[in-house]
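Try each task yourself, then compare notes with the solution below it.

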Amino acid sequence: MDAPPIDPVALEATLRPFGQSTMLPRGAYVDAGVFAWEDRHFLQGGWMCVGRGEDLADPGDQRAAMAGGAGVLLVRADDGCVHGFANACRHRGHELLRGGEGRHRPIVVCPYHSWSYRLDGTLRGAPGFESLEGFVPADHGLVELPTAEWHGLLFVDASGTAGPFDDHVLGLEGLVAPYEPERLRTARRHHYVVQSNWKILSENYQECYHCTMIHPQLCAVSPPNSGENYRSSGGGAWVGGWMALADGAETMSLDGRSAAAALRAVGAEGRRRVIYVVIFPNVLLSLHPDYVMTHLLTPLAPDRTRVECGWAFAPEDRDRPDFDAGYAVDFWDVTNRQDWAACESVQRGLSSTRHTPGPLSPREDGVYHYVTMVARGYLGLPLGSPVVPAP
Ligand code: FES
Ligand SMILES: [Fe+2]
C-alpha cells in the first residue's frame, strides 16, 4: 500500500489516548492528494455501500453505481443474488449502463457493439466472434467484484482486496438485526450536495456536543447529553452510539409523535432510544423505534460530498393509504440542513493554512473513535477497534 501524503507524526497526535489527542491533520480534509489516496484505498479499496437492495428488487434488475472512482454494474440474477461487476464491457470497455441509470432486462447488453452477457456475468454473445478461431467465450465474462447484500444495503469491494465482508461489519449484527432494515421499504429520499469533506459529515454525526447550539428541534425530543457511544466496534469498521428519546417522545419528529407502529422486533429498550452508526466509509445508519434513516455519502471532491438520505418504514405502515412519512422526513430535513451548514462552515474554516488540529471534548468520544479509525486506515492498519465492547 502506498503511503498517504499525510504526515505520520501528525497522525500520532490523532492516535493519542482520548483526552490527549487532536483531530486529523488539516490535509485530510483539503488535500487533493489525500482525497485521491482515500479513493484508491478506502472507497475503491474497501467495502463501499453502492445502494439499496430494494432498488434491484427482481431478477434482471440492473443498476450502475460508483465505488469511489470505479464504475460498478449491479445485477440481480435469477437465483436472487446481487452480483457486482466492473461496469466495463469485455470487448473494448464501454460502460454497460451509464452511471446512476437502471433497467430491467433478462440479459446485459453492451450499447456499443452489442456483446451480451447473462445475469451471472458469463458471455452470451459476441457478434462476429463465433467464427474466430481461438476465441473462448468463457474467457470473456464480466469481471466480478466481491459483493454483499447486508440488511438491505449493497456493498462492493471494487478492488477485490478488502477481505471478507463479514469482518467489515463485525460486531454490528446484534445492533442492527432487530430493526430488520432488509424488510423495510424506503418511502422518501432526499438528495443533498454538501460543500464539505465526507469525513466531516461523519464526525459531525458522531457527536451531539453541537446539538444545543444548532438543533433546537432535536433537543426537544432527544436530550443532547443522553446516551453513550459504543466503546469498541468489536473489530468491525464502524463506530456508533445511542441517544435517548425525551419523556413523552415516541420518535424523532417535530412533535415527538410517530405516524407508524414501532418496528415489530425492536424491544422495550430500543423503543426509548435512537442508535446512530457510521459504517465506514459511507453509510450513516440511524435506527429509530419506528423507522430507519440511511445517509449514503458519495465523496465527490475534498470539499464536496453528495448525500442521499432515505427514510424506510415497515411495509404494513408505508403501504397504508393514509400513511405520511412527513413526520420523520420533515424533522430530519430540518436537522440535516442544520448539520450541513455546520459542516460547510468547518470546511471553509479549514481553508486557512494556519489552522491546526484541535482537541476533543469529553463529549466527543464518538469523534475520537471515528478519527482514530481513519488514522489507522491511513497507516495501513486494520480499521476496526480490537477491543471487546463494554457490557
Ligand atoms: S465495447 Fe461492448 S460490445 Fe464493444
Ligand atoms: Fe447535528
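The structure holds one disulfide, a term used here for a pair of cysteine sulfur atoms within 2.5 Å. This is a predicted model, in which local features need pLDDT of at least 70, side-chain atom pairs count only at pLDDT 80 or more, and totals for chains, interfaces and linings use all residues. Residues are numbered from 1 along each chain as its sequence is written, chains are lettered from A and ligands numbered from 1 in the order in which they are written, and side-chain values use heavy atoms, with hydrogens and water left out.

**Exercise 1. The cysteines**

Task: find which cysteines the disulfide joins, and give its handedness.

Solution. Start with the sulfur atoms: those of Cys208 and Cys211 are 1.9 Å apart and form the disulfide. Next, take the torsion about the S-S bond, which is -105° and makes the link left-handed. Then check accessibility: both Cys208 and Cys211 are buried, where buried means under 20% relative accessible area, exposed over 50% and partly exposed in between (1.4 Å probe, protein chains only). Now look at Cys219, which is in no disulfide; its nearest cysteine sulfur belongs to Cys211 and is 5.4 Å away. Cys219 counts as partly exposed because its relative accessibility is 22%.

**Exercise 2. The iron site**

Task: list the protein donors of the iron ion (ligand 2) and classify the site.

Solution. First collect the donors, meaning N, O and S atoms within 2.8 Å of the metal (3.2 Å for Na, K and Ca); water is not among the atoms, so sites may look incomplete. His215 sits in the loop between helix H7 (211-214) and helix H8 (216-221), while Asp339 is in helix H10 (residues 326-349), so the pair links distant parts of the chain, 124 residues apart; helices (H or I, at least four residues) and strands (E, at least two) are DSSP runs, numbered from the N terminus.

Now the geometry. Four donors count as tetrahedral if all angles lie between 85 and 135 degrees; four count as square planar and six as octahedral if opposite donors are over 155 degrees apart and all others between 65 and 115; anything else is irregular. Here the angles among the four donor atoms run from 53 to 151°, and the site is irregular. Finally, His215 is buried because its relative accessible area is 1%, and Asp339 is buried at 9%.

**Exercise 3. Strand E17 and its partners**

Task: identify which strands pair with E17, and in which sense.

Solution. Two strands pair if DSSP finds at least two bridges between them. Strand E16 (residues 283-287) pairs with E17 in the antiparallel sense over five bridges, and Leu284 has His295 as its bridge partner in E17. A hairpin through four residues joins E16 to E17. On to strand E18 (residues 304-313), which pairs with E17 in the antiparallel sense over nine bridges; here Leu296 is partnered by Glu308 in E18. The hairpin from E17 to E18 runs through two residues.
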